[in-house]
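Take a look at the chain shown here. Keep the sequence beside it as you read.

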Amino acid sequence: MTSENTSQPRPICDYEGSQYREEFWGREYREYEDRAERLALAKLLPARGRRLLEIGAGFGRLADLYAGYEQVVLLDYSRTMIQQARERWGHDPRFLFVVGNVYDLPFLAGRFDTVVMVRVIHHVADVAAAFGQIRRVLASEGAFVLEFANKRNLKAILRYALRRQAENPVALPPYEFAPINFNYHPQWMRQQWEAAGLRRDAQLAVSYFRVRWLKKHLPATALARIDSWLQRPGGAYPITPSVMVRLRPTGVTQPFRAEPLFRCLDCDSGLEPAVDGLRCPTCGRSWPQHDGVFDFKG
Ligand SMILES: C[S@@+](CC[C@H](N)C(=O)[O-])C[C@H]1O[C@@H](n2cnc3c(N)ncnc32)[C@H](O)[C@@H]1O
């Protein structure tokens, strides 16, 4: 992973060419986190819908949970990640694969009844801008299921008390522990989504047992099951390293509309299908589609 500055001023944590799947999920004892996240996501995700968008979908790890949706759009900034997602899910005609940026989503307003973002916001330096984009593409009554890394977690609280970490885990500002890697205070996060016109209707505390010794000595299935029991009660005041919320748009919202789906990033018009991708009828700009992937990276 490298940090880069694109034509936009915001830095992006680019996974292009990374071995994320093997190096992160292939490691010992990660099965527990995967299982605990799936159990939490299944509780928050509306079971059925017309169209779901996953932002920062990576290699499509969670996409089997979207079986109740008529169409599923997997978007990631990294072309290699989306290529891996396509290898995994390309056999299913419900799936669309898009290379794009959360700061400039290539979709018209109100096109999704569910948006999911898991393990991505910790790479987002401008949370307000990302939430603004997500609120825009979400239809009325839509749901945004978000996972974020919680700086106010039990391990950080103990480490701080024992003077083994300098960052105060109860201070509101985000903690950038490595370049473009942030942990967030739940209260700060709440301020951001409320300012963006989103309200919370459920919150879960996830990944209680992210401790190597426990993961080594106890079966992942048992740990994840206990995690699942604790997720809802712990959601009232999360001290776990991961928090999942379901947010809904407030105020005036766009009713769901299926087509056209894509927008021109230059002039905002709806895009039309063309031989080798999409074309803007207003400004004439073309957006390519290679190997079944719509590419808006530019
Ligand atoms: C830690 S991975 C998580 C992948 C997947 N959500 C999962 O849980 O398995 C973070 C992903 O976010 C993507 N990402 C980072 N910044 C992004 C941005 N600005 N727009 C879209 N995707 C982004 C990365 O390319 C990477 O695939």
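## Confidence

This is a predicted model. The mean pLDDT of the chain is 94, and 97% of its residues reach 70 or more. Over residues 1-7, the pLDDT is below 50. That stretch has 19 contacts in the model beyond near neighbours in sequence.

## Helix α4

Helix α4 spans residues 127-137. Its buried residues include Phe 131, Ile 134 and Arg 135. What covers the buried residues of α4? The cover includes β3, β6, β7, α6, β10 and β11.

## Salt bridges

Side chains of opposite charge can pair when their charged atoms come close. A search of the whole structure finds 22 salt bridges.

One of them joins Arg 38 and Asp 64 (3.0 Å, N to O). Arg 38 sits in helix α2, and Asp 64 in the loop between β3 and β4, 26 residues apart. Arg 38 is buried because its relative accessible area is 18%, under the 20% cut-off. Asp 64 is partly exposed, at 39%.

Arg 263 and Asp 104 form another salt bridge (2.6 Å, N to O). Arg 263 lies in the loop between β11 and β12, and Asp 104 in the loop between β5 and β6, so the pair ties together parts 159 residues apart in sequence.

## A nonpolar patch

Leu 154, Leu 158, Tyr 237 and Ile 239 make a nonpolar surface patch of about 390 Å². Tyr 237 is in the loop between α8 and β11. Is Tyr 237 buried or exposed? Tyr 237 is exposed, with a relative accessible area of 53%.

Note on methods
Residues are numbered from 1 along each chain as its sequence is written. This is a predicted model: local features need pLDDT of at least 70, side-chain atom pairs count only at pLDDT 80 or more; totals for chains, interfaces and linings use all residues. Side-chain values use heavy atoms; hydrogens and water are left out. Patches are made of residues with over 30% relative accessible area and no salt bridge: like charges are joined within 9 Å, nonpolar side chains (Val, Leu, Ile, Met, Phe, Trp, Tyr) within 5 Å. Accessible areas come from the Shrake-Rupley method with a 1.4 Å probe; for residues, only the protein chains shown count as cover. A salt bridge is a side-chain nitrogen of Lys or Arg within 4 Å of a carboxyl oxygen of Asp or Glu. Helices (H or I, at least four residues) and strands (E, at least two) are DSSP runs, numbered from the N terminus. Buried means under 20% relative accessible area, exposed over 50%, partly exposed in between (1.4 Å probe, protein chains only). pLDDT is the predictor's confidence in each residue, from 0 to 100. Contact means heavy atoms within 4.5 Å.
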